[in-house]
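Trainee: I would like a close look at a single part of this model, with the terms spelled out as you go.

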Amino acid sequence: MLKVNGWSSRWASLLLLCLAVCSLITPAVTVKHENFKTCDQSGFCKRNRAYADTALATSNWASPYSLDAASVKFEKGILTGIVSKKIATTGETVRLPLTVAFYESGTARVTIDEERRQKGDIELRHGSKAKKQRYNEAEKWAVVGGTSVSTGAAASKDAEAGTTKIVYGPASIFEAVIRHAPFGVDFKRDGETQIKFNDQGMLNMEHWRPKVDKPVAEKKEGEEDVAAEADAEDEGTWWDESFGGNTDSKPRGPEAVAMDITFPGYQHVYGVAEHAGPLSLKESRGGDGKYSEPYRLYNSDVFEYEMDSPMTLYGAIPFMQAQKKDSTVGVFWLNAAETWIDVTKSTTAANPLSFGIGSSVTTQTHWISETGLLDVFVFLGPKPQDVIGAYSELTGYTQLPQQFAIAYHQCRWNYVTDDDVKDVDRKFDRYNIPYDVIWLDIEYTEGKKYFTWDPMTFPDPLGMNKQLDEHERKLVAIIDPHIKNEANYPIVEELKSKDLAVHNKDDNIYEGWCWPGSSYWIDCFSPKGREWWKGLFRYDKFKGTAKNVFIWNDMNEPSVFNGPETTMPKDNLHHGHWEHRDLHNINGMTLVNATYEALLARDKSEDKHHVRPFVLTRSFYSGSQRLGAMWTGDNQAAWPHLEASIPMVLSMGVSGFPFAGADVGGFFGNPSKELLTRWYQAGAFYPFFRGHAHIDTRRREPYLAGEPYTQIITQALRLRYSLLPAWYTAFHEASVSGAPIVRPNYYVHPGDEKGFDIDDQLYLGSYGLLAKPVTKEGQEGQDIYLADKEKYFDYFDFWTYEGPGTVTVAAPLETIPLLMQGGHIFPRRDRPRRSSGLMRYDPFTLVVVLGHSGDAEGTLYLDDGESFDFEAGASIHRRFSFVGATSTLMSEDLAAAAAAAPSKKAKDYLKLMEKVRVEKIIIVNAPAAWKGKEEVEISEGLDGESAAARKVTLDWHPKEAGKAAWAVVRDPGVRIGGGWKIGFA
Ligand code: NOJ
């Protein structure tokens with residue numbers, strides 16, 4: 001009982017307050033495991049894991065798959081043949097057509113289908129139909145290029161008996177050795193095996209079979225038929241399967257595809273996003289510190305997801321890379337159904353007396369999908385970028401976003417009125433905090449009806465947009481795929497009357513629950529559905545939107561509150577009569593695809609200046625990178641979530657979808673001020689940088705944090721804004737090569753084995769900018785791993801470090817541990833502005849960081865940051881290089897070819913940018929020989945235009961204890977888009 005006097009009552013109320021507040025600060029929430037299947041609860045996963053166990057436990061296990069040698073043909077870069085599966089129990093043989101394609105890019109692709117024994121659809125129940133065919137349309141959504149067939153691939157005469165050998169790839173250094181019986185493929189580079197298919201004999205294509213109602217055999221008490229039981233397959237989940245009160249009917253019966261893929265000599269595998277765990281994937285078959293569940297890919301709304309887990313999350317990218325010293329290879333398992341991946345490692349000693357020296361680790365993986373084709377692409381590297389580049393060529397490069405999209409986004413669930421939005425906008429200005437985009441979550445709608453505004457709270461959306469536009473700011477509004485089932489809502493009426501929604505297993509419209517209550521789901525697999533969706537975003541349809549309004553697609557896994565595993569039943573039917581199970585993981589991408597097209601179309605329809613769409617998605621698949629950004633969903637305002645965000649974002653980068661970020665501040669719960677501040681410092685290094693918070697949290701706009709936090713957060717935001725030219729260049733690089741925007745150690749230093757599992761620090765683009773945000777409470781120093789023998793300098797005070805090894809950087813709250821690696825030049829724009837749009841004509845600063853060699857280089861890509869004019873060459877692309885031997889800094893045109901015959905748009909853009917200059921050049925670790933030098937000589941006009949040489953002042957600053965000497969050229973006046981040379985000697 002509380003005593004109502006003096007201290008005791010005060011302490012009691014403090015205690016109560018703390019109980020309330022502290023529980024909000026560190027939310028004690030955990031994922032509801034019971035809502036999601038384990039492998040054991042997923043029939044096909046369980047069967048295939050059991051199959052793998054049998055293969056491993058059986059000495060002389062012989063995989064029952066063989067390639068019929070007589071069927072093999074190799075023509076114009078494509079090998080075809082028939083793989084036969086022998087069924088031991090019946091003696092029957094199943095014919096599985098095999099295709100191995102060799103592409104010009106050096107990528108190989110192995111596809112196995114099942115011969116159709118019956119044409120057309122099959123009758124399901126009540127007259128509805130489902131395709132009697134393995135799903136073969138994943139390619140249609142995911143693959144956009146890189147499939148021109150190799151003219152150089154050739155069958156080799158020196159294949160060993162029982163194999164077919166194809167030599168392919170650049171300079172013919174790749175080989176695919178196709179083993180006939182048992183069937184398998186070894187992929188080699190320079191004669192050394194890099195990847196093996198079916199080496200462990202786990203290939204398993206569950207073939208179609210008629211449903212036979214077996215009589216339950218009568219067994220007398222005490223009688224056991226051990227042999228028959230061991231032989232029998234586990235049929236319990238072949239024709240239906242129950243979980244969490246829902247029964248999934250399976251009219252086609254068992255249809256899983258599975259195979260082992262071995263990476264001999266490779267210690268690390270990465271990728272298969274999205275999971276909340278370390279970048280280097282863990283073993284998944286139990287044991288100390290290992291997972292006991294496979295990595296799962298089944299796009300789901302995993303509420304309050306847990307850290308360090310192979311559980312599925314919102315998106316799926318079935319692309320994996322393997323890494324060993326100086327070699328990277330990879331595979332892309334093109335399958336849109338629920339997929340599980342087991343990872344195990346084994347060590348082989350070079351010889352028993354070598355005491356571990358020369359031993360090597362091999363990583364084995366086992367891929368299991370519920371339905372569809374076996375369709376695997378193989379990338380043989382040898383560099384990380386070769387693998388990511390080839391994967392990106394296939395699935396598409398990252399969209400080059402508008403510049404605002406890579407600046408800071410301010411979101412919460414919800415800004416409650418249009419006045420509220422305007423007020424937040426004004427407060428950012430009052431506190432001099434830059435931001436580009438404010439977001440509206442679901443509450444802006446009238447009763448969760450998308451494409452409407454709540455007339456009470458958002459009476460004047462156009463007025464709101466206009467105010468934002470005054471400082472070139474944007475609005476992003478949420479539009480989800482569930483459409484409220486309510487009378488007098490024209491959108492739902494059209495959806496129903498045009499029959500554009502997903503169907504249930506009985507082929508009637510599927511109804512489920514989401515934010516609005518009873519809802520239907522747009523089927524974006526349907527061309528008509530997409531066409532209709534496209535029309536909904538026209539300015540005259542979605543009234544209240546303007547050119548500065550963009551879109552957020554959430555809940556697109558799809559999330560269905562009353563559905564199995566919070567998603568749609570697998571036996572639902574989509575356009576073309578495919579079952580939802582076949583294409584589940586692609587579902588989210590189809591919505592974003594339709595929204596992207598809609599944003600393109602709305603400008604066309606108004607004949608407006610065409611700008612690049614911006615769409616944020618929660619659910620994704622291989623290829624989503626072409627359409628916008630992703631974020632890691634509903635994290636928590638807790639330190640482990642901040643920590644986990646770095647490997648998650650890095651993993652997205654090496655999975656070909658680098659435009660990624662996590663909710664800054666944490667979605668659920670209230671962050672302490674320290675956590676919020678540290679999160680902004682980390683967020684400044686996410687490619688997608690957005691603060692977001694749950695509806696039950698307290699307001700936390702940066703200006704509310706109070707001092708010193710608001711100032712420190714503002715500094716983090718300013719750092720992001722000043723480095724926007726570097727970020728934009730990194731995005732451009734991603735958009736043409738697939739390179740990650742923030743990069744893990746292994747990607748930058750593929751020869752440095754010690755750094756292969758480092759995932760808490762990141763490099764920004766190709767600039768040698770190495771950040772390691774603080775992710776632990778109360779931490780004031782940060783250990784940073786330096787992989788190479790190079791000088792690194794503190795970004796802020798030029799304190800000098802030297803690799804290789806680990807160095808400790810002071811990291812009080814106001815500091816972001818950020819180093820500059822010697823040998824690079826990076827661009828900045830240092831004038832503080834309210835939004836990135838207002839920086840369009842600002843001058844540049846170039847930072848030249850000299851390391852051991854004394855040379856440095858870097859690039860800058862620039863365009864109008866909003867339109868498609870860059871496709872007509874309206875851009876500036878420069879290479880800056882500093883040559884130590886001659887002490888000269890040069891700017892050269894990287895778009896020289898385009899510049900030779902410039903388009904009108906290209907000329908207009910250069911004209912527009914003519915006055916934009918370099919206002920400062922900073923040389924870090926400036927040579928001591930410059931001491932006493934007062935001037936540098938500038939010659940302009942290297943791109944052909946005329947200009948006289950001139951001199952400007954150089955300020956040289958000597959070394960201070962521990963810090964590098966530096967020099968600055970103030971106002972060199974050279975054009976950012978022009979060719980020039982500066983002599984320092
Ligand atoms: C779930 C999303 O993950 C979250 O970011 C959003 O605020 C809510 N849906 C409400 O729309």
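Trainee: Which residue in E35 is the bridge partner of Asp663?

Mentor: The bridge partner of Asp663 in E35 is Arg690. Before going further, note that this is a predicted model, in which local features need pLDDT of at least 70 and side-chain atom pairs count only at pLDDT 80 or more, while totals for chains, interfaces and linings use all residues. Residues are numbered from 1 along each chain as its sequence is written, and side-chain values use heavy atoms, with hydrogens and water left out.

Start with the strands. E34 and E35 (residues 689-691) pair in the parallel sense over two bridges; two strands count as paired if DSSP finds at least two bridges between them. Strands (E, at least two residues) and helices (H or I, at least four) are DSSP runs, numbered from the N terminus. The pair belongs to an open sheet of nine strands with parallel pairing, in the order E33-E32-E31-E30-E26-E25-E24-E35-E34. Its edge strands are E33 (660-661) and E34 (663-664), each of which pairs on one side only.

Next comes the loop between E35 and H13, where Pro708 is placed. The peptide bond joining Glu707 and Pro708 is cis, with omega about 5 degrees. Most peptide bonds are trans. Another cis bond runs from Glu557 to Pro558, with omega near 5 degrees; Pro558 is in the loop between E30 (549-553) and H10 (580-606).

H13 (residues 709-722) packs with H12 (residues 673-683): their axes come within 8 Å and cross at roughly 10 degrees. Axes here are lines fitted to C-alpha atoms, for helices over the stretch in contact, and angles run from 0 to 180 degrees between N-to-C directions. That crossing makes H12 roughly parallel to H13, on a scale where angles under 35 degrees count as roughly parallel, over 145 as roughly antiparallel, 65 to 115 as roughly perpendicular and the rest as oblique. On the H12 side, Lys673, Glu674, Leu676, Thr677, Tyr680, Gln681 and Gly683 meet Tyr709, Ile712, Ile713, Ala716, Leu717 and Arg720 of H13, contact meaning heavy atoms within 4.5 Å. By class, this contact has seven nonpolar, three polar and three charged residues. Ala, Val, Leu, Ile, Met, Phe, Trp, Tyr, Cys and Pro count as nonpolar, Asp, Glu, Lys and Arg as charged, and the others, Gly among them, as polar.

H13 also packs with H14, at an angle of about 55 degrees and with the axes 5 Å apart. These two helices are therefore oblique to each other. Arg720, Tyr721 and Ser722 of H13 make the contact with Leu724, Pro725 and Trp727 of H14. The classes are four nonpolar, one polar and one charged. Arg720 of H13 is also among the residues that meet H12.

H14 (residues 724-737) has 14 residues, which at 1.5 Å a residue should span 20 Å, and its end C-alpha atoms are 20 Å apart, in agreement; the expected span is 1.5 Å times one less than the number of residues. Of those 14 residues, 12 are buried, so H14 is largely enclosed by the rest of the structure. Buried means under 20% relative accessible area, exposed over 50%, and partly exposed in between (1.4 Å probe, protein chains only). The buried residues include Leu724, Pro725 and Trp727, which are the H14 residues in the contact with H13. After H14 comes Gly738, with a positive phi near 80 degrees.
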